[in-house]
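Have the viewer open and follow along.

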Amino acid sequence: MEQPSSHLKIKRAGSVSVVEFADRKILEELSIQEIGSELRGLVESEPGPRLLLNFQNVDHLASAALGMLITLQKKVQEQNGALKLSNINRQIFQVFKITRLNRVFDIHDTAEKAMESFARA
Amino acid sequence: MKVPPDFGVDDAALVNLSVPNDLRYIREPEARIMADLKRCGYDDDTIFAIKLAFEEAATNAVKHGNCNDGSKRVHLRYYVDPQRVVFMVRDEGCGFSPAQVPDPTADENLERPSGRGLMLMQSYMTKVCYSPSGNEVWLLKENPARKA
């Protein structure tokens with residue numbers, strides 16, 4: 001079932017919450033705070049949360065959004081869950097590489113590959 | 001501070017703007033710069049890089065320099081031609097020392113949630129320089145398609 005929200009489209013696939021972004025640009029401080037808050041709520045709603053963030057709609061990302069993702073990852077780890085990212089376009093992946101965050105996050109080319117890796121875990 | 005001499009632009013050629021300390025007011029000058037870049041034939045990757053650097057510089061000015069104070073202003077100067085884009089962002093805060101900002105790519109800092117804006121500007125732009133007081137940043141991006 002899809003839950004409507006201002007910034008996120010959240011679907012459930014088995015035990016995994018699959019999150020897509022409604023905004024093409026994750027730039028605004030306020031939007032980033034709201035996205036962070038929605039995602040935190042999702043993570044806190046169950047033990048061992050499994051979360052896939054699908055970036056297929058996103059074509060711009062501010063460094064503050066990277067900070068929000070790091071905070072989210074820590075929260076997920078505290079709850080003994082797993083966070084994976086997928087469908088990051090070439091330009092944004094370059095941002096992850098420059099900041100070396102491609103080593104911090106579990107990033108997959110496609111949502112299907114990310115789901116397979118959840119199934120293997 | 002005038003445009004750094006090694007940026008290759010006459011100071012008098014720059015557009016001057018001053019906007020309230022709110023990122024919503026940054027959108028219009030940003031859109032103008034992006035439209036100029038497209039008109040001048042910059043490729044998508046270079047426009048992505050310039051947009052990202054501009055956003056980071058503007059966010060730093062509003063949030064860190066002016067501390068989200070609505071009574072302060074952000075001062076902008078810019079210049080675009082087919083060879084290069086130059087822009088300046090100045091806030092009304094007390095400045096900072098870029099050298100004191102820890103390297104966000106160091107292993108011990110990798111999981112810190114902040115501090116990546118400056119290094120992204122440095123990585124994506126050809127040159128970045130700060131005024132001695134640190135409340136004014138100048139950025140130059142040469143068009144890679146036009147470099148000799």
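## A helix pair in chain B

A crossing of two helices is called left-handed if the near helix is turned anticlockwise from the far one by less than a right angle, and right-handed if it is turned clockwise. With that in hand, please keep in mind that this is a predicted model, and look at helix H1 (residues 27–39) and helix H2 (residues 44–65) of chain B: their crossing is right-handed. The two axes come within 11 Å and cross at roughly 160°. Angles over 145 degrees count as roughly antiparallel, so H1(B) and H2(B) are roughly antiparallel to each other.

Which residues make this contact? From H1(B) come Glu30(B), Ile33(B), Met34(B), Leu37(B) and Lys38(B), while H2(B) supplies Ile47(B), Ile50(B), Lys51(B) and Phe54(B). Sorted by class, the contact of H1(B) with H2(B) holds six nonpolar residues, three charged ones and no polar ones.

## The sheet of chain B

Chain B has an open sheet of five strands in the order S1-S2-S3-S5-S4, with antiparallel pairing. Its edge strands are S1 and strand S4 (127–130) of chain B, each of which pairs on one side only. From one strand to the next, the twist averages 15°.

Inside this sheet, strand S2 (residues 73–80) and strand S3 (residues 84–90) of chain B pair in the antiparallel sense over six bridges. Here Leu76(B) stands opposite Val89(B) in S3(B).

## A closer look at Val19(B)

Val19(B) belongs to strand S1 (residues 15–20) of chain B. Is Val19(B) buried, exposed or partly exposed? A residue needs 20 or more C-beta neighbours within 10 Å to be buried, and 12 or fewer to be exposed; Val19(B) has 18 inside 10 Å and therefore counts as partly exposed.

Leaving aside residues up to four places away in sequence, Val19(B) touches Tyr25(B), Ile26(B), Arg73(B), Val74(B) and Leu76(B). Leu76(B) is 57 residues from Val19(B) along the chain, yet their C-alpha atoms are separated by 8.0 Å.

## The sheet of chain A

Chain A also has an open sheet of five strands, ordered S1-S2-S4-S6-S7, and here the pairing is mixed. Strand S1 (8–13) and strand S7 (106–108) of chain A are the edge strands, pairing on one side only. Neighbouring strands are turned by 25° against each other on average, direction ignored.

Strand S4 (residues 50–54) and strand S6 (residues 82–86) of chain A pair in the parallel sense over five bridges. Arg50(A) has Ala82(A) as its bridge partner in S6(A). Helix H1 (residues 29–44) of chain A packs on the sheet, touching S1, strand S2 (16–21) and S4 of chain A, and its direction makes about 20° with that of S1(A). Helix H4 (residues 111–120) of chain A packs on the sheet as well, touching S1, S2, S4, S6 and S7 of chain A, with a direction at about 160° to that of S6(A).

## Where the chains meet

How many residues does each chain bring to the contact? Chain B gives 18 residues and chain A gives 17 residues. On the side of chain B that touches chain A, H2 and helix H3 (117–124) of chain B are the elements that give two or more residues. H2(B) gives the most, with seven residues. By class, this side of chain B has six nonpolar, five polar and seven charged residues.

Methods
Residues numbered from 1 in each chain as written. Chains lettered and ligands numbered in written order. Predicted model: local features only at pLDDT ≥ 70, side-chain atom pairs only at ≥ 80, totals over all residues. Pairing = 2+ DSSP bridges. Helix = DSSP H or I, 4+ residues; strand = E, 2+ residues; numbered from the N terminus. Axes fitted to C-alpha atoms, helices over the stretch in contact; angles between N-to-C directions. Contact = placed C-beta atoms within 7 Å. Parallel < 35°, antiparallel > 145°, perpendicular 65-115°, else oblique. Nonpolar A, V, L, I, M, F, W, Y, C, P; charged D, E, K, R; others polar.
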